[in-house]
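Please keep the sequence and the model in view while reading.

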Amino acid sequence: MENEKLAFHETMETHEIKNFKTICCFDNDLKALMEKDVQQSIVAINGLKTFYDGARTNF
């Protein structure tokens with residue numbers, strides 16, 4: 001990959017993904033499904049950390 005930094009929109013999308021993954025749910029079936037998804041997504045999110053650390057956050 002040539003550019004090791006996230007663009008502004010990629011930084012926001014990454015932030016939105018992280019926020020979505022932490023929402024609260026009261027439906028037990030949906031909660032269990034989301035728990036499984038979160039566990040599977042941890043690996044992917046950890047993979048994004050290297051890019052997130054290099055994200056441009058100041059204008």
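Is Arg56 buried, partly exposed or exposed? Arg56 is partly exposed, because its relative accessible area is 40%; buried means under 20% relative accessible area, exposed over 50%, and partly exposed in between, with a 1.4 Å probe and protein chains only. The model is predicted, so local features need pLDDT of at least 70 and side-chain atom pairs count only at pLDDT 80 or more, while totals for chains, interfaces and linings use all residues. Residues are numbered from 1 along each chain as its sequence is written, and side-chain values use heavy atoms, with hydrogens and water left out.

**Overall composition**

- The protein contains two helices and zero strands; these are DSSP runs numbered from the N terminus, a helix being H or I over at least four residues and a strand being E over at least two.
- Of the 59 residues in the protein, 15% are buried.
- The protein has an accessible surface of about 5,100 Å², and carbon and sulfur atoms account for 58% of that surface; accessible areas come from the Shrake-Rupley method with a 1.4 Å probe, and for residues only the protein chains shown count as cover.

- Thr14 belongs to helix 1, which covers residues 8-20, and Thr14 counts as buried because its relative accessibility is 9%.
- Not counting residues up to four places away in sequence, Thr14 is in contact (heavy atoms within 4.5 Å) with Leu6, Leu48 and Tyr52.
- Thr11 also lies in helix 1, and its relative accessible area of 9% is why Thr11 is classed as buried.
- With residues up to four places away in sequence again left out, Thr11 touches Leu6, Tyr52, Ala55, Arg56 and Thr57.

**Helix 2 and the segment after it**

- Asp53 is part of helix 2, residues 28-53, and Asp53 is exposed because its relative accessible area is 69%.
- Asp53 and Lys5 are 48 residues apart in sequence, and their C-alpha atoms are 8.4 Å apart in space.
- Arg56 is located in the segment after helix 2.
- Between the C-alpha atoms of Arg56 and Leu6 there are 6.6 Å, although these residues are 50 residues apart along the chain.
- Apart from neighbours within four places in sequence, Arg56 contacts Lys5, Leu6, Ala7, Phe8 and Thr11.
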